[in-house]
Amino acid sequence: MSTSRMDEILRVWRSEHRIPYPLSAQETWDFWVLESPTYDVKVGAVLEYGQRFSLDTLIETGTFQGAMIQATKHYFQQVFSIELNYPLFWSALKKFAADPNVKLLYGDSAEKLPALLSTIQKPCLFWLDGHYIPLSAEAAKGSKDTPILQELDSILEHPVRNHVILIDDARCFIGPNPLLNDFPTIQELETYVLTKRPDMQYTVKDDIIRIHLP
C-alpha cells in the first residue's frame, strides 16, 4: 500500500468519518493502529463525562485486562464490568477482589446488560467496548463481532432517559471489512441511535462515539 493512499484514507476519515476505498486486511489493521489514541485519552473522556454529568455509576462492557476499571474505580461509587472471555473475567475477579465498589459479570453483554439495567434506577455512564478483537488470542466472540446494537437497544429503551453513552474504538465503525463483519458505519449507527432517540446528541471525537442529552 502506498503512503499516499493511507494518507487519503486518514484525511477522509478524520474530516468525514468514512473510508473512501475498500480496504484490504492489512490496510484495515494499519488504519486501526494509526488512528488509535493513547489510553489516557480514553480514561480522560470517561472521567470528564462522569464529572460533567454528575454520574457516580460506570457500566463497562468488555473488561479485557481491567485497565479502565483500574483507572476509574476511585472516581465512581459503583463500577460494573461485563466480560465474555472466562479467563479474563476470572483474572479481573481476583485483581479487584479488594474493591467493594467493583462488580464483575461474566457473559455476553448483549444478554447480561438487560438484567443489570433492570436493577438500575438512576443515570449511569456507559463505556461500551465489548467487541471482538481480530487477531487476538484473548478476545472472545459472541454471536456477532460486536453486540453494540443490542447494547444500545437496552440502554436507549431503559426507563431512565438520561444515561450517557461512550462507545470506544470509533475507528472500527467502517462497515464490513476483511477483519470484522458486523460493525455498522459511523453514519449508520448515528441514524440508528437518533431514530430511537431523536432527543440525543451524537458526536465523534478521539476515537470515541459520544451519545447523551444536549
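**Notebook: rings, pockets and loops**

I began with a charge over a ring: Arg52 lies over the face of Tyr49, at 4.4 Å from the ring centre. I call a charge "over" a ring if NZ of Lys or CZ of Arg is within 6 Å of the ring centre and within 35 degrees of the ring normal.

A note on what I am looking at. This is a predicted model, in which I took local features only at pLDDT of at least 70 and side-chain atom pairs only at pLDDT 80 or more, while totals for chains, interfaces and linings use all residues. Residues are numbered from 1 along each chain as its sequence is written, and side-chain values use heavy atoms, with hydrogens and water left out.

**Entry: the whole protein**

I listed eight helices and seven strands for the protein. Its radius of gyration is 17 Å, close to the 17 Å that the globule rule gives for 214 residues, so the protein is as compact as a globular protein of that length. The radius is taken over C-alpha atoms, and the rule is 2.2 Å times the number of residues to the power 0.38. Helices (H or I, at least four residues) and strands (E, at least two) are DSSP runs, numbered from the N terminus.

Along the principal axes, I read a C-alpha trace spanning about 50 × 40 × 30 Å. I then looked up burial: 49% of the 214 residues count as buried. Buried means under 20% relative accessible area, exposed over 50%, and partly exposed in between, with a 1.4 Å probe and protein chains only.

**Entry: aromatic pairs**

I found seven aromatic pairs. Rings of Phe, Tyr and Trp (its six-membered ring) pair if their centres lie within 6.5 Å; planes under 30 degrees apart count as stacked, over 60 as edge-to-face and the rest as tilted.

I looked at Trp29 and Trp32, an edge-to-face pair with 6.3 Å centre to centre and 70° between the planes. Both lie in helix 2, three residues apart, about one turn of the helix. Trp29 is partly exposed at 32% relative accessible area, whereas Trp32 is buried at 6%.

I turned next to Tyr86 and Tyr106, whose ring centres are 5.0 Å apart with planes at 85°, so this pair is edge-to-face. Tyr86 lies in helix 5 (residues 86–95) and Tyr106 in strand 3 (residues 102–106), so the pair ties together parts that are 20 residues apart in sequence. I have Tyr86 as partly exposed at 41% and Tyr106 as partly exposed at 37%. Tyr86, Phe89 and Tyr106 form one aromatic cluster.

**Entry: the largest pocket**

The largest pocket has a volume of about 720 Å³. Of the 44 residues that line the largest pocket, I noted the closest to its centre: Phe64, Asp129, His131, Ile133 and Asp169. Several elements each supply at least two lining residues, among them helix 2 (25–34), helix 3 (39–52) and strand 1 (57–61). I sorted the lining of this pocket into 18 nonpolar, 14 polar and twelve charged residues.

For the terms, I worked on a 1 Å grid over the protein atoms alone: a cavity is a set of points where a 1.4 Å probe fits but cannot get out, and a pocket is an open set with protein on both sides within 12 Å along at least five of seven lines; lining residues have an atom within 4 Å of a point. Grid points are joined across faces, edges and corners, and a volume is the space filled by probe spheres set on the points. Ala, Val, Leu, Ile, Met, Phe, Trp, Tyr, Cys and Pro count as nonpolar, Asp, Glu, Lys and Arg as charged, and the others, Gly among them, as polar.

**Entry: the cavity**

I found one cavity of 30 Å³ or more. About 40 Å³ of space lies in the largest cavity. Its lining includes Leu128, Asp129, His131, Glu151 and Phe183. Helix 7 (148–156) and strand 5 (164–168) each supply at least two residues of that lining. I sorted the cavity lining into five nonpolar, three polar and three charged residues.

I placed Pro198 in the loop between helix 8 (186–196) and strand 6 (201–205). Pro198 is exposed, at 65% relative accessibility. Pro198 and Leu213 are 15 residues apart in sequence and 9.6 Å apart in space, C-alpha to C-alpha.

I then checked backbone angles, since most residues other than glycine have a negative phi. Asp206 has a positive phi near 55°, and Asp207 has a positive phi near 70°. I found Asp206 in the loop between strand 6 and strand 7 (208–212), and Asp207 is in the loop between strand 6 and strand 7 too. Asp206 is partly exposed at 41%, whereas Asp207 is buried at 8%.
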